[in-house]
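Work through the following exercises with the sequence and the structure side by side. Each task is followed by a solution that goes step by step.

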Amino acid sequence: MGNVGLLLVGVVLFVNGLVSIGVVDARSAAPLNLFVGAAQVVLPTLVLVQAHGDTGIVNATWPSYLFGFTYLWFGLIQIYEIETQGFGWYSAFVAAIAAFYAIKSVGSDPVFAVIWATWATMWSLFFVLLGLGVDRIRNLDLGRFTGWILILLGIPTCTVPAILLLNNIWSTTPLVGFAALAGLVVTAGLSAALAGRSTRTDEGSADVSHGGGWGGREVVQAFAVRGEAVPVDLVDGAAGVHGDPDPNMLIGQPRE
């Protein structure tokens with residue numbers, strides 16, 4: 001039953017990634033986050049009720065609540081524009097749990113160890129962006145980098161494994177584990193390249209559209225997605241400064 005929830009997670013990560021790079025409006029993704037978040041709470045509860053205290057099932061199921069609460073919280077952030085710093089620090093806790101499970105899974109299932117490591121990376125990025133308020137490291141836009149990570153790795157680390165597991169098609173050989181790790185490294189590099197390209201494209205478009213300056217509501221939206229501050233005097237009708245990185249991005253669930 002847990003694999004059913006995992007199947008749903010891939011699409012919510014993908015859509016949240018699209019929000020993060022400015023392709024999809026944040027509020028339009030809120031219903032999906034709330035639905036998947038609710039499923040991530042209800043389905044694990046059904047599993048635990050039928051577990052009869054089996055510690056193996058309990059240990060494999062309880063982390064799902066961490067991710068379910070993540071999606072519910074995130075959906076509320078998208079609807080009500082709740083301050084995101086608390087969510088960022090919560091993500092640090094989730095990242096630590098995911099890292100623990102990644103280490104724990106290396107010997108028994110190296111492929112899922114890589115998947116857990118991927119989720120740990122995603123939640124660590126949420127922590128850095130929203131908990132610490134760091135949205136750029138040198139020339140790397142962390143908001144867009146995180147968005148591309150979600151787009152490129154959300155479905156491969158959630159929906160695809162769920163389909164394979166539901167059809168009893170799964171390999172735990174070290175070779176497949178190394179292949180998964182190589183895929184993670186390559187995808188991270190590609191995400192960084194795409195994030196850099198997107199940033200340069202946005203800056204070039206702004207120079208052409210606004211004569212080398214910033215202005216207009218579309219720029220407010222771009223800054224909101226990228227998580228940069230918008231100077232009030234550069235935007236007509238702006239009521240303040242948007243200084244928080246946009247949190248619209250997210251996550252996975254453990255297998256049974």
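**Exercise 1.** State how many aromatic pairs the structure holds, and classify the pair formed by W73 and Y90.

*Solution.* In this predicted model, the structure holds 16 aromatic pairs. A pair of aromatic rings is described by the distance of the centres and the angle of the planes. For W73 and Y90 these values are 5.6 Å centre to centre and 45° between the planes, and the pair is tilted. Since W73 lies in helix α4 (residues 63–80) and Y90 in helix α5 (residues 85–105), the pair ties together parts that are 17 residues apart in sequence. Y90 has a relative accessibility of 15% and therefore counts as buried, the cut-off being under 20%.

**Exercise 2.** Describe how helix α7 packs with helix α8.

*Solution.* Helix α7 (residues 142–157) and helix α8 (residues 159–166) pack at an angle of about 10°, with their axes 3 Å apart. Because angles under 35 degrees count as roughly parallel, α7 is roughly parallel to α8. On the side of α7 the contact is made by G154, I155, P156 and T157, and on the side of α8 by T159, V160 and P161. The residues of this contact divide into four nonpolar, three polar and no charged.

Definitions and conventions:
Residues numbered from 1 in each chain as written. Predicted model: local features only at pLDDT ≥ 70, side-chain atom pairs only at ≥ 80, totals over all residues. Heavy atoms only, no water. Axes fitted to C-alpha atoms, helices over the stretch in contact; angles between N-to-C directions. Helix = DSSP H or I, 4+ residues; strand = E, 2+ residues; numbered from the N terminus. Parallel < 35°, antiparallel > 145°, perpendicular 65-115°, else oblique. Contact = heavy atoms within 4.5 Å. Nonpolar A, V, L, I, M, F, W, Y, C, P; charged D, E, K, R; others polar. Phe/Tyr/Trp six-rings, centres within 6.5 Å; stacked < 30°, edge-to-face > 60°. Buried < 20%, exposed > 50% of the residue type's maximum accessible area, 1.4 Å probe, protein only.
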